[in-house]
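Trainee: Please take one part of this model and go through it closely. I would like to hear about the charged side chains and how they pair up.

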Amino acid sequence: MSQGTLFDKVWDLHTVGTLPSGQTQLFIGLHLIHEVTSPQAFAMLRARNLKVLFPERTVATVDHIVPTKNQARPFADQLAEEMMQALEKNTQDYGIKFYNVGSGNQGIVHVIAPEQGLTQPGMTVACGDSHTSTHGAFGAIAFGIGTSQVRDILASQTLALAKLKVRKIEINGKLPHGVFAKDVILHIIRQLGVKGGVGYAYEFAGTTFEGMSMEERMTVCNMSIEGGARCGYINPDETTFTYLKGRDFAPQAEAWDNAVTWWRSIRSDDNAVYDDVVTFEAAEIEPTITWGITPGQGLGINENIPMADGLPPGERAIAQEAYSYMKLTPGKPIKGTKIDVCFIGSCTNGRISDLREAAKVAQGHHVASGVKAFVVPGSERVKQEAEAEGLNTIFKQAGFEWREPGCSMCLAMNPDKLEGTQISASSSNRNFKGRQGSSTGRTLLMSPAMVVAAAVKGQVADVREL
């Protein structure tokens with residue numbers, strides 16, 4: 001009787017062979033590219049006079065460098081314009097589908113692929129971007145890769161990878177009021193550490209994940225990488241199939257029924273053997289935010305910033321570094337920390353459901369004086385849907401700016417940057433030093449609803465009290 005995990009099944013089905021290094025040569029079903037990590041890869045192809053082996057398996061968009069205020073061409077930033085032109089030329093020269101600004105389909109790469117039905121269960125997905133793990137929400141095995149690997153996939157449609165161990169992370173129960181998928185993944189990373197997942201794929205299981213929408217599952221899988229895991233996934237179920245049905249690239253008619261039958265078969269078996277199993281209870285999780293300089297330095301909204309001597313010895317040095325950089329005092333509450341900038345968006349939390357939850361909180365309130373707050377939809381489709389529902393009006397009436405789609409102030413490879421030592425309440429995925437565009441800027445990660453609470457109060461606040 002089969003005892004396989006979804007990871008094992010998908011890996012085995014996509015194995016082309018074993019390389020002399022001992023690594024697996026893995027076939028990649030869907031390759032997503034954007035403007036930042038692809039130019040050098042295409043230059044390497046040209047230097048070797050290689051073609052793109054399966055152009056129909058590669059899909060491109062532009063997201064990191066696009067301005068969200070004024071998208072008129074040429075872009076004011078010359079480097080951004082050059083990257084844009086390179087992507088336009090490369091996709092045209094090699095016959096690759098490209099969703100450009102104004103196409104109606106442009107957006108953050110990890111938002112547009114799922115919303116179009118490009119991402120499907122049982123697939124292998126790769127992209128030159130850390131947060132490719134997002135696509136695991138569909139029961140796909142998805143890897144973030146480097147530029148030389150982008151080249152390898154363009155040329156051979158395969159990757160050389162060492163097989164991972166699988167850790168099952170099981171959470172059961174209903175999430176308390178005011179607690180969202182972002183809080184769940186921040187809680188997991190806090191408990192297991194930013195290096196806890198090294199060498200592993202994370203399988204998220206249990207009634208808590210089963211009860212999540214696809215967009216909530218994407219938020220969880222998106223940040224698997226922040227816990228050190230190479231990928232994270234959730235077994236496909238009725239929620240997955242309902243989400244995919246009728247989307248642009250989803251199977252149609254009889255092919256749909258066949259696809260669903262196969263998708264069910266790749267789920268982890270009930271008696272699957274895991275390398276490790278960790279369990280949590282949903283009731284234990286509260287609104288969670290980061291206080292430090294790694295996504296693992298998190299705490300509940302009503303907790304105090306930890307004292308170094310109360311931390312495990314291995315975490316004390318980074319805590320000292322975080323106190324200094326963040327200018328926060330150990331032992332003091334995180335609640336009440338003054339906020340300068342509030343950002344809602346990114347591949348973690350820029351989808352329509354994120355904007356709906358944020359708008360619910362924003363309605364009837366206003367951004368505090370002196371706070372800059374803005375909302376960046378994850379794609380042109382998300383923007384259109386939000387505007388059709390009137391969410392943009394709610395945000396604008398509450399004092400938020402409403403922007404064009406893009407990565408914006410997640411990586412800040414565009415005009416959206418922190419200035420000086422500004423402190424940001426952000427729905428994005430990384431709080432590293434300098435991450436949001438200023439070498440001294442400070443980032444507190446939290447759910448979109450919590451970002452709105454911070455914007456309204458002008459300080460870190462508990463959304464449940466608004």
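Mentor: The side chains of Lys360 and Glu357 form a salt bridge, with N and O 3.4 Å apart; the term stands for a side-chain nitrogen of Lys or Arg within 4 Å of a carboxyl oxygen of Asp or Glu. Both residues sit in helix α13 (residues 352-362), three residues apart, about one turn of the helix. Helices here are DSSP runs of H or I with at least four residues, strands are runs of E with at least two, and both are numbered from the N terminus. Lys360 is exposed because its relative accessible area is 59%, whereas Glu357, at 28%, is partly exposed. The cut-offs are under 20% for buried, over 50% for exposed and in between for partly exposed, using a 1.4 Å probe and protein chains only.

The model is predicted: local features need pLDDT of at least 70 and side-chain atom pairs count only at pLDDT 80 or more, while totals for chains, interfaces and linings use all residues. Residues are numbered from 1 along each chain as its sequence is written, and side-chain values use heavy atoms, with hydrogens and water left out.

By the salt-bridge rule, the count comes to 28. One of them joins the side chains of Arg73 and Glu81, at 2.9 Å from N to O. Arg73 is partly exposed at 36% relative accessibility, but Glu81 is buried at 9%. Arg464 forms a salt bridge with Asp462, and the closest N and O atoms are 2.9 Å apart. In that pair Arg464 is partly exposed, with a relative accessible area of 31%, and Asp462 is buried, with 3%. Salt bridges also link Lys69, Glu401, Arg403 and Asp416 in a network.

Another lysine to look at is Lys163, in the loop between β8 (158-161) and β9 (165-172). A relative accessibility of 40% makes Lys163 partly exposed. Its side chain and that of Asp8 are joined by a polar contact of 3.2 Å. Such a contact is a pair of N or O atoms within 3.5 Å; within protein, one must be able to donate a hydrogen and the other to accept it, and residues adjacent in sequence count only if both atoms are side-chain atoms. Apart from neighbours within four places in sequence, Lys163 is in contact (heavy atoms within 4.5 Å) with Phe7, Asp8, Trp11 and Asp12. Lys163 and Gln23 are 140 residues apart in sequence, yet their C-alpha atoms are 7.2 Å apart in space.
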